[in-house]
Amino acid sequence: MSTIKSTMIAMIALFSISNANATITNPQSVNLSIDKQNVLSTDAFESNKIDSKLNAVFENYFLLKDELVKTDGVTASAKAKQLSSSLSAVKMDELSKDVHKVWMKVMKNVMADAKGIAATKDVKAQRVLFVSLSKKMYDLVKVAKFQTPVYYQYCPMVNNGKGANWLSKENAVKNPYYGSKMMTCGEVVETIK
C-alpha cells in the first residue's frame, strides 16, 4: 500500500510541477506544496473496494445456503466440500490488511463448520452448523465486500427461538433453516454493499 501511496503522491507532484512550469517564468522561485486533504487517501480507497480474493468463498457459501433451502442434505454436503476447498485456496498474504485481520479471527471456525457440514448428509445437523458458519461469513463479507449487494437475513424462530441469521444474494427471503416448511419466515435486517 505504501507503494501505491508513494506513486500517487509522485504523480500529483509531477502534475503540479508541469502545470507550474507552464505558467511560471522564474522556475527557481517555485514553492511546491501538496494539500494533503485533497490527495485521495489510499486507506479510504482500500476500505471501499471489493476484495475479489474471497469471491469463490462467498459463492460457495451461497450455493450451500441454496441447498439447505431445498432441504437437500446430500448436495449440501457436496457444496460444503466445495466451500472447504475454496477456503483452503485463499492466500492470506494477498488479502488487504482489514480483510486479513478478520480472516485470521474466523478462518478456523469457518473451516470447521464447512467440514462439519460436508461430513454429514443430515440436514438437521447441517443447519445447526450453518448458524455458526453464517455468523463468521457475515464478519468476512462486511470487510471484504462482494460484487453485488448481500442481504443479511434473520429468522426469529430458528435455534430454539433464539433466532439465527444467514447471507443471501437475493432480497427475497428463502429460509435455509426451514426450507419449504416455512420458506419465507424471516426478514432482511441489513444490506451490505
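pLDDT is the predictor's confidence in each residue, from 0 to 100. Over residues 10-49 pLDDT stays under 50, and for that stretch the model has 20 contacts beyond four places in sequence, a contact being heavy atoms within 4.5 Å. For the protein, the mean pLDDT is 83, with 74% of residues at 70 or more.

Some ground rules. This is a predicted model, where local features need pLDDT of at least 70, side-chain atom pairs count only at pLDDT 80 or more, and totals for chains, interfaces and linings use all residues. Residues are numbered from 1 along each chain as its sequence is written, and side-chain values use heavy atoms, with hydrogens and water left out.

**The sheet**

Helices (H or I, at least four residues) and strands (E, at least two) are DSSP runs, numbered from the N terminus. Three strands make an open sheet in the order β2-β1-β3, with antiparallel pairing; two strands pair if DSSP finds at least two bridges between them. The edges are β2 (164-168) and β3 (187-192), each of which pairs on one side only. On average, neighbouring strands of this sheet are turned by 25° against each other, direction ignored. Axes here are lines fitted to C-alpha atoms, for helices over the stretch in contact, and angles run from 0 to 180 degrees between N-to-C directions.

β1 and β2 pair over five bridges in the antiparallel sense. β1 and β3 also pair in the antiparallel sense, over five bridges. Here are some of the residues that face each other across the strands:

| Residue | Stands opposite | Strand of the opposite residue |
|---|---|---|
| Tyr 154 | Asn 165 | β2 |
| Cys 155 | Ala 164 | β2 |
| Tyr 151 | Thr 191 | β3 |

As for cover, β1 is mostly hidden, with five of its six residues buried. Buried means under 20% relative accessible area, exposed means over 50%, and partly exposed is in between (1.4 Å probe, protein chains only).

Which helices lie across these strands? α3 lies across β1 and β2, running at about 120° to β2. α6 lies across β1, β2 and β3, and runs at about 55° to β2.

**Aromatic pairs**

A pair of aromatic rings is described by the distance of the centres and the angle of the planes. The cut-offs: rings of Phe, Tyr and Trp (its six-membered ring) pair if their centres lie within 6.5 Å, and planes under 30 degrees apart count as stacked, over 60 as edge-to-face and the rest as tilted. Searching the whole structure turns up seven aromatic pairs. One of them, Tyr 61 with Phe 130, is stacked, at 5.1 Å centre to centre and 10° between the planes. That pair links distant parts of the chain, since Tyr 61 sits in helix α3 (residues 55-69) and Phe 130 in helix α6 (residues 123-144), 69 residues apart. Tyr 61 is buried at a relative accessible area of 0%, and Phe 130 is buried with 0% as well.

Phe 62 and Phe 146 have ring centres 5.4 Å apart and planes at 65°, so this pair is edge-to-face. Phe 62 belongs to helix α3 and Phe 146 to the loop between α6 and β1 (150-155), so the pair ties together parts 84 residues apart in sequence. Phe 62 is buried at 4% relative accessible area; Phe 146, at 4% relative accessibility, counts as buried too.

**The core**

In soluble globular proteins, nonpolar side chains tend to be buried together. A nonpolar core is a set of buried Ala, Val, Leu, Ile, Met, Phe, Trp, Tyr and Cys residues joined through side-chain atoms within 4.5 Å. The largest one has 43 residues, and those with the most contacts inside it are Leu 54, Phe 58, Leu 64, Phe 130, Leu 133, Met 137 and Leu 167. At least two residues of this core come from each of α3, α4 (73-89), α5 (97-118), α6, β1 and β2. Leaving out residues up to four places away in sequence, Leu 167 touches a list of residues including Tyr 61, Phe 62, Met 137, Val 141, Tyr 152 and Ile 192.

Beyond its neighbours within four places in sequence, Glu 67 is in contact with Asp 72, Thr 75, Ala 76 and Lys 79. Asp 66 also lies in helix α3, but counts as partly exposed at 28% relative accessibility. Asp 66 and Gly 179 are 9.3 Å apart in space, C-alpha to C-alpha, and 113 residues apart in sequence.
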